[in-house]
Amino acid sequence: MISLLLAALLLAVPQDQPAAVLNRAYEQLRLKQYDKAVDGFRQALALDPSQVQVYKDLAYTLQKMGETEQAVEAFEAYHKARPSDYQTIMELAYLYVQVQKEDRALEFFRRAMDSPDRAQAAQARQGYQNVEGPILAEVARWSKAIEQDPQNFDARESLADAYVRHGDAARAIEQYTWLRREAPSRYRHLITLSELHSKLAAT
């Protein structure tokens, strides 16, 4: 009778405690079973969201798998909890370059410039310049084209996109407003305008 009661109590204990799940995930990571490790990290976070470091380990594992956008999401979750971790800020800057969101990359490089580590701050400044330089060259190129022909629709569209990539919402809105007026049937412009107005309102 006692043995049956003990067995019942053991079965009632949850088998997926956060620590056990996490230990399995790290073992699967060691074995390069990345899919299983990712599942384990996510399960551990679902069981105990306070394990903030797990977001970072999840992000690095997703990077190994080539899941860059998912890695960005995991790093963002970690950054939200640990905003002063400059290494994560740098990771996010470079990842945003990879997913071609230059405005976000510039934002994070700018933040990383405040790092107390001089080498890291210098690296952030260089990263910022590497991203910003080609965008500013495009801005100059298309601005000149518009000076020569103010009705150049393609130049206006390219300039607007360059401003978006530079994170200059106000100037992008000016160009997209012109484009919307000239080609009201292009709903991409309307959607982008809505996003830019929301972004500008949030600043």
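This is a predicted model: local features need pLDDT of at least 70, side-chain atom pairs count only at pLDDT 80 or more; totals for chains, interfaces and linings use all residues.
A residue is called partly exposed when its relative accessible area lies between the limits for buried, under 20%, and exposed, over 50%. By this definition R188, with a relative accessible area of 42%, is partly exposed.

Side chains of opposite charge can pair when their charged atoms come close. A search of the whole structure finds 12 salt bridges. One of the salt bridges joins R188 to E157, with 3.1 Å between the closest N and O atoms. The two residues belong to distant parts of the chain, E157 to helix α9 and R188 to helix α11, and 31 residues separate them.

E138 counts as partly exposed because its relative accessibility is 27%. R165 also counts as partly exposed, at 24%.

A salt bridge between K199 and D103 has an N to O distance of 3.1 Å. K199 is part of helix α11 (residues 187–202) and D103 is part of helix α7 (residues 102–112); this pair, too, links distant parts of the chain, with the two residues 96 apart. The relative accessibility of K199 is 35%, which means that K199 counts as partly exposed. Beyond these pairs, salt bridges link E76, R104, E107 and R111 in a network.

The packing of two helices was examined next. Helix α4 (residues 53–64) packs with helix α5 (residues 68–81), the axes being 8 Å apart and the angle between them about 165 degrees. Angles over 145 degrees count as roughly antiparallel, and α4 and α5 are therefore roughly antiparallel to each other. Their crossing is left-handed. On the α4 side, the contact is formed by Q53, Y55, K56, L58, A59, Y60, L62 and Q63, and on the α5 side by Q70, A71, A74, F75, A77 and Y78. The residues of this contact comprise 10 nonpolar, 3 polar and 1 charged.

Backbone angles were also considered. Most residues other than glycine have a negative phi. K32 is not a glycine, yet its phi is positive, at about 65 degrees. This residue, K32, is located in the loop between α2 (18–30) and α3 (34–47). With a relative accessibility of 61%, K32 counts as exposed. Q100 is likewise not a glycine and has a positive phi, of about 60 degrees. Q100 is placed in the loop between α6 (86–98) and α7. Its relative accessible area is 65%, so Q100 is exposed.

Methods: Residues are numbered from 1 along each chain as its sequence is written. Side-chain values use heavy atoms; hydrogens and water are left out. A salt bridge is a side-chain nitrogen of Lys or Arg within 4 Å of a carboxyl oxygen of Asp or Glu. Helices (H or I, at least four residues) and strands (E, at least two) are DSSP runs, numbered from the N terminus. Buried means under 20% relative accessible area, exposed over 50%, partly exposed in between (1.4 Å probe, protein chains only). Axes are lines fitted to C-alpha atoms, for helices over the stretch in contact, and angles run from 0 to 180 degrees between N-to-C directions. Angles under 35 degrees count as roughly parallel, over 145 as roughly antiparallel, 65 to 115 as roughly perpendicular and the rest as oblique. A crossing is left-handed if the near helix is turned anticlockwise from the far one by less than a right angle, and right-handed if clockwise. Contact means heavy atoms within 4.5 Å. Ala, Val, Leu, Ile, Met, Phe, Trp, Tyr, Cys and Pro count as nonpolar, Asp, Glu, Lys and Arg as charged, and the others, Gly among them, as polar.
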